[in-house]
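Here is a guided walk through one protein chain. Have the sequence and the 3D view ready, and follow along residue by residue.

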Amino acid sequence: MAQASSKSWQKIFDDYNIHQYAFEKGPFYISANQIKTACQNFKKTGEKEVRILCTQTKREDRPDIFKEKGLFLLPIRNGLYCIVKGEGYVDVPNINKEVILYKSKLSFDLDTSKVGQSEMQHLDYAYASSLIKTFVNDDSLVLTIRGRKYTEKPFEFFVNKQKIQVTGVQTEVDAGYEGEDKVVLIEAKNIKTDNVIIRQMYYPFMKWKQETNKQIINLFFQKEEDAYSIWQFELENKENYNSVKLKKARKFKIN
């Protein structure tokens with residue numbers, strides 16, 4: 001993902017006098033229409049398309065003004081965002097432990113899984129081989145969630161002392177599996193990623209926490225060459241956006 005246009009966000013900050021805003025007192029709210037209006041005269045799609053300008057998945061994807069001021073961006077309603085001061089990202093550390101040789105529980109080879117390099121394909125293969133079930137120690141898991149879901153119920157949380165209220169946004173997971181007593185939500189990547197915006201795990205967690213009393217488990221999944229890396233994150237306090245902590249991480253090769 002290319003960095004969000006620094007030139008565009010500089011103009012947005014200029015047009016709405018955001019430079020003078022005291023972020024320590026709370027988030028700055030900005031609508032998709034305001035962003036579109038400020039950037040309407042730019043020629044390149046990446047400099048005027050709201051969706052692209054508001055996609056800041058990694059720390060380095062943020063525009064320069066965000067980096068300088070220690071800011072990150074969150075959607076809070078359809079067409080409305082807030083600019084927040086604080087740490088919006090969580091590290092995805094290297095897994096330095098010995099690679100585990102995992103024997104697939106399938107009794108046959110999957111020829112079709114070898115065609116292509118999509119993150120979904122790698123995740124499906126890991127699930128079909130029972131690696132996901134083994135990692136979370138739950139043989140009852142079945143695929144029940146995929147793609148985008150809308151948060152119909154509002155929720156709120158804090159970034160430092162700043163209260164953020166979300167009244168309806170789109171969430172997305174690459175796959176979600178339900179078992180007898182847990183729901184496992186997975187964000188998958190097929191390229192090396194060393195940090196990710198917490199929102200990608202936090203918003204789906206809050207969505208499904210409202211829909212079920214079962215334990216919610218967040219996994220980050222990554223295919224690196226011939227190995228499958230899995231990180232399990234847990235939310236220590238659902239009202240604290242920054243309470244996402246790494247619980248365990250291991251790297252596997254499927255035999």
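N17 is partly exposed, with a relative accessible area of 47%. N17 sits in the loop between α1 (6-15) and β1. Its phi is near 55 degrees, a positive value in a residue other than glycine.

A word on the source. This is a predicted model, in which local features need pLDDT of at least 70 and side-chain atom pairs count only at pLDDT 80 or more, while totals for chains, interfaces and linings use all residues. Residues are numbered from 1 along each chain as its sequence is written, and side-chain values use heavy atoms, with hydrogens and water left out.

Now turn to N137. Its phi is also near 55 degrees, positive in a residue other than glycine. N137 lies in the loop between α7 (131-136) and β6. With 67% relative accessibility, N137 counts as exposed.

Step back to the whole chain. Its secondary structure comes to eight helices and 14 strands. The radius of gyration is 20 Å, close to the 18 Å that the globule rule gives for 255 residues, so the chain is as compact as a globular protein of that length. That radius is taken over C-alpha atoms, and the globule rule is 2.2 Å times the number of residues to the power 0.38. Along the principal axes, the C-alpha atoms fill a box of roughly 60 × 40 × 30 Å. Buried residues make up 51% of the 255 residues. Helices (H or I, at least four residues) and strands (E, at least two) are DSSP runs, numbered from the N terminus.

Next, look at a sheet. Three strands form an open sheet in the order β1-β3-β2, with antiparallel pairing. Two strands pair if DSSP finds at least two bridges between them. The edge strands are β1 (28-31) and β2, each pairing on one side only. Between β1 and β3 the antiparallel pairing runs over four bridges. Within it, S31 stands opposite L80 in β3.

Where does the largest pocket get its lining? Elements that give two or more residues are α4 (50-53), β2 (71-77), β3 (80-85), β6 (142-150), β9 (170-178), β10 (182-189) and α8 (199-209). The pocket holds about 1200 Å³ of space. Of its 40 lining residues, T55, T57, E172, R199 and Q200 are the closest to its centre. By class, the lining has 14 nonpolar, eleven polar and 15 charged residues. Ala, Val, Leu, Ile, Met, Phe, Trp, Tyr, Cys and Pro count as nonpolar, Asp, Glu, Lys and Arg as charged, and the others, Gly among them, as polar.

A pocket is an open set of points on a 1 Å grid over the protein atoms alone, where a 1.4 Å probe fits, with protein on both sides within 12 Å along at least five of seven lines; lining residues have an atom within 4 Å of a point. Its volume is the space filled by probe spheres set on the points, which are joined across faces, edges and corners.

The second largest pocket has a volume of about 280 Å³. Its lining counts 17 residues, and D109, L110, S113, K114 and Y125 lie nearest the centre. Helix α6 (residues 119-128) gives the largest share, three residues. In α6, Q121, H122, L123, Y125, A126 and Y127 are buried. S130 follows α6, and its phi is positive, near 70 degrees.

Definitions and conventions
Buried < 20%, exposed > 50% of the residue type's maximum accessible area, 1.4 Å probe, protein only.
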